[in-house]
Amino acid sequence: MSTIPLIIDGRDVPSPLQGTVVNPYDQGPVLYQGATKELALQAAQSSAQAFTTWSKTTPVERRTLLFKLAEVLRNRAEELKRVCDEEIHCGPLWAEIITSDAIGLIEEYGALTTSIATGSLPFIQNGHGLVLKEPLGVVFGIAPWNAPIILGLRAVVAPIAAGNVAILKASRPPNDADRETGSELSPQTHYLIASLFREAGFPPGVLNFLLHRPEDAADIFDVLINHPAIKKCNFTGSTQVGRIIASQAALALKPVLLELGGKNFTVVLDDADLDLAAREITKGAFLNNGQICMSTDMVLVTTAVAPALEAKILAILNDIDTTSVLISPAAKAKVEMLVSDARDKGARIHTPPRVNDPSPRSFPPTVVTGLTPQMKLYEIESFGPVVGIVAVETEEQIMAIIGEAKYGLSSSIISRNHYRALELAGSIKAGAVHINSMTVHDEPTLPHGGYGDSGWGRFGARWGLEEFVQTKVVTLHP
């Protein structure tokens, strides 16, 4: 395949517009089809037509097809992992994690199809009351590049399991410099996961797939969010663009589910196992080159244990012998700016001594000690292989820093005292708190989402399914 197509109504569809794949690989496609406004309308109309029949399928029928989808993905897992690694340079470990979790996600939603259709019989004064759960219609899912297998599927599998149909679009809203999300960054991976639905036997139009050029992003989004068949949008990406998505959807009176940025922190209490802390911090900071919404950006620790913790973190850092490869030169420039600003304002910058790769997108795993509120890295999500350490006098000061946080996606606490850690977890305003583990953690059976500037709503398991149904009351009288 030399050019990656769109998928509309079960068929590969060409377009007069084409875009260039940012990171083409050997034997891989170098171009992708970019949707026009007319093709976006065609996709919405195809989805609307498919909804009339798909919404009437039984939960058992949907479950059967979802289990088949998981089987198809399992059979093609090696191909998908290879393509994903070649497109975004995530490494075999991250490709394996997001593929395995994607299979689990599909199977979990398949198992939940019957429960989402369950209503209730509340008491009313006279007669009988029924509360019904019904699908919404066409759901517009916008997925990023950094975990394209699981996040692409997450955007559409829950809606489809609940009886909706979906349009999958890779996210590339304008000026999304923070995340560098885009059709041109992982188009082959997104196309492959969309094509799995055809292979599994889903009817045409249940899932349509669009790509577009960066300059066409605003027009394509406007066409779709204002189409009467589109009933809800979900978006995973930066907070900056999430605000735009939410405001435009609000004008169209369409609800949105948003998973946005995160300035994720690990709290290391004075009683912590510091070897465990160092391992979990470095894993959370450097996995997938630090380009995960849940990546560890900051460590909060008291001055009593900071020197010992820093020594253990730097010992791990010094043993790293491979550099990180960021998704684009622009992503590298942002990380360089944050690290340079921290250095200029007095922080100490640590990198592995054996790593030296001058390629345009490489950046070494980096630990910043002496991070202070005056530094840009203190507040800005790096979305790269950089972690800063903030040392303060008391744990009360740590709690004050947490209380001022604007983001609230993921966090972690390292402590030998589980009860104390649970008490602290209750006061952290974040969607997830992981005790004695890294900030990067997501499973098909758990809800996932944030507080504050990290968005609203939840993906995952029954909480994710509830996002894509509406509630109807029926009363029955003698």
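**View 1. Glu259 is a buried residue in this predicted model**. Its relative accessible area is 1%, and because a residue counts as buried when this value is under 20%, Glu259 belongs in that class. Glu259 is found in strand S11, which is made up of residues 256-259, and the unreviewed UniProt entry places the feature "active site" at Glu259. Leaving aside the neighbours within four places in sequence, Glu259 is in contact with Arg154, Phe235, Thr236, Gly237, Cys293, Leu409, His448, Ser454 and Phe459.

**View 2. Seven strands form an open sheet with mixed pairing**. Strands of a sheet pair through backbone hydrogen bonds, and this pairing may be either parallel or antiparallel. Here the strands follow the order S15-S17-S18-S13-S12-S20-S21, with strand S15 (348-350) and strand S21 (432-435) as the edge strands, each of which pairs on one side only. From one strand to the next, the twist averages 20°.

**View 3. Strands S12 and S13 pair in the parallel sense**. Strand S12 covers residues 264-268 and strand S13 covers residues 296-302, and the two are joined over five bridges. Within this pair, Thr266 stands opposite Val299 in S13.

**View 4. Helix H1 passes helix H7 in a right-handed crossing**. The axes of H1 (residues 37-54) and H7 (residues 217-225) come within 9 Å and cross at roughly 30°; because angles under 35 degrees count as roughly parallel, H1 is described as roughly parallel to H7. On the H1 side the contact is made by Lys37, Ala40, Leu41 and Ala44, while on the H7 side Asp219, Ile220, Val223 and Leu224 take part.

Methods:
Residues are numbered from 1 along each chain as its sequence is written. This is a predicted model: local features need pLDDT of at least 70, side-chain atom pairs count only at pLDDT 80 or more; totals for chains, interfaces and linings use all residues. Side-chain values use heavy atoms; hydrogens and water are left out. Two strands pair if DSSP finds at least two bridges between them. Helices (H or I, at least four residues) and strands (E, at least two) are DSSP runs, numbered from the N terminus. Axes are lines fitted to C-alpha atoms, for helices over the stretch in contact, and angles run from 0 to 180 degrees between N-to-C directions. UniProt positions are given in the numbering used here, feature names are shortened, and annotations may be inferred rather than shown by experiment. Buried means under 20% relative accessible area, exposed over 50%, partly exposed in between (1.4 Å probe, protein chains only). Contact means heavy atoms within 4.5 Å. Angles under 35 degrees count as roughly parallel, over 145 as roughly antiparallel, 65 to 115 as roughly perpendicular and the rest as oblique. A crossing is left-handed if the near helix is turned anticlockwise from the far one by less than a right angle, and right-handed if clockwise.
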